[in-house]
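The sequence and the structure are shown first.

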Amino acid sequence: MRALAIRAWLIFIYFMRSHSRLLELVALTLVLLLAAYLRLANVADNPAWYTDEATHLNIAQNLMQGRVQYLAINQSTLLFAKLPLFEMSLAVWMKFFGTGMLTLRAFTGLLGVVSVALLYGVVRWTGGGRRLALLAALLLAIYPPAVLYSRFGFSYNLLTPLLWLTYLGLWRYVDQTKRRRWLVLASLAIGIGAVSDMWMFSLIIPALIVIAVRHWRDALWSLPLMLLPFGLYAAIELITVTRAFLFDLNFTLLRLNQIPLSDQLSTLANNYAVLLSQDSWLVLGLAGLLLLRPIQSQRLSLLLLIGPTVLLGRTVALYSLSFYYMLPLLPFVALGLAALIDRGAASIPQLLSARLPRRLRFGLYAVLSIVVTAPVAGSTVSLLNQVQTSFNTAIDPFLIEPTAARQVAEFVNQHTQTADVVIASPGVAWLLQTNAADFQMSIAATGRATPHLPADMPADRFAFNPDYTRARMVIIDNLWRNWAVWNVAGVSDMLRDVETWPRVFKAGAIEVYCNSRITACPVR
């Protein structure tokens, strides 16, 4: 019997070695299937809807109609930091699969799966080894923030694959003799990403540091290549909507540079303190990146992780409602944690001396295995449960409940004409078949500034007059009460006035008020 067992074990080892590529492919396929399920199952209404998702949908809907417009603001969307690549890609996607939230979230969810696959491929192609690559892909597939923010329809999901193409290009540029073609890849990935979100500009300085170390003269042609796509976009905008583009660009640059240096340092320190205190995966991932090998991968990973967080974290929050800024960087957390586990597993035989009794060694192996696998298994089980029930997030008070939003939109669409004006937060406004504007646009139209709009908006930028006193209906939801009242001057007064109007419909936390001063209201 012992001889038979030994023979069977030898046959198994031979099979593993001779079929290692097949087994690796099977393992990768299972990881990608898990990643796809966690990101795509029941995704249309789970989690609830975020404002930025509705912004993308409305812009794409207008693009499908041949208009560059977001709710009441026309000509350019740079004012809202929305650049054309993601919006145009979404508009094309929507032509084939419909204009609903499911289409948007399926698009970004698939980008999340692509990011898992690309992380695996890049780690394999840069000398990380099969085990590290599979482990990193698995951890990214089940990393809770990566799953949640891929289920949201955020444009930053498009940046993650582009960032990893940048990583691959820079790694090969440093490592290969024929380096320039890989630098072309990295430069184009940054440039293409920069016409999707301005976030991608934060990779230029880390890329220039790599170039300066390798061959500084390559910056003379690679930097223009990084800026070329945005330059082409800017040229088209300057030709077609000169005043609007310059106005939006000036407002965007002022928002980024109006914070004093002392406040920038304070904001950055606060960002790091909050992020490290809220996410143990991030702490372990940073520690693991210090153990990553080859050393070239360690240095590049730390540079591309820390560089953008420093550049962005000086001026904006990287947590709570703004955690989506971290989305392209989450694969580095998974990679670092994978390196920590991989190096730990390789060190166990040295730590557990052969002099120890066999039972004790077995017990220690079992304990260490549980310590490593229990959190991973627990995270997976929790995510599987949330996919079937609902995701509970720290930003739930600001999300729009989908069923209520649809019921409200159906009522409003039945009782308004296309020329009527309705004021609503974006999470409801994108569903309306009338002239919809949000509360910030209504305030900006009266010459007052808001967190996202200047006080001196040119009159020709408004496709219609969004003054709430001229609106047929105003829709109030939890975003008004939980965010706008505290952050947008003038909303409190608007809310108090609107609540004196007849309430004609209510679904969940969303209420519809009719402006009886200018129109006949439907019977409740």
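**Basis of the description**

Helices (H or I, at least four residues) and strands (E, at least two) are DSSP runs, numbered from the N terminus. The model is predicted: local features need pLDDT of at least 70, side-chain atom pairs count only at pLDDT 80 or more, and totals for chains, interfaces and linings use all residues. Residues are numbered from 1 along each chain as its sequence is written, and side-chain values use heavy atoms, without hydrogens and water.

An open sheet of mixed pairing is built from five strands in the order E4-E3-E5-E7-E6; two strands pair if DSSP finds at least two bridges between them. Strand E4 (435-437) and strand E6 (503-507) are at the edges with a single partner strand each, so one side of each has no neighbour in the sheet.

Strands E5 (residues 473-476) and E7 (residues 510-514) pair in the antiparallel sense over four bridges; Val474 has Tyr513 of E7 as its bridge partner. Helix H21 (residues 478-487) lies across strand E3 (421-423), E5 and E7, at about 75 degrees to E5. Contact means heavy atoms within 4.5 Å; axes are lines fitted to C-alpha atoms, for helices over the stretch in contact, and angles run from 0 to 180 degrees between N-to-C directions.

**Helix H9**

Buried residues (under 20% relative accessible area, 1.4 Å probe, protein chains only) of H9 include Leu183, Ile190 and Ala194. Among the elements that cover the buried residues of H9 are helix H8 (156-175), helix H10 (204-215) and helix H11 (219-240).

Methods
Buried < 20%, exposed > 50% of the residue type's maximum accessible area, 1.4 Å probe, protein only.
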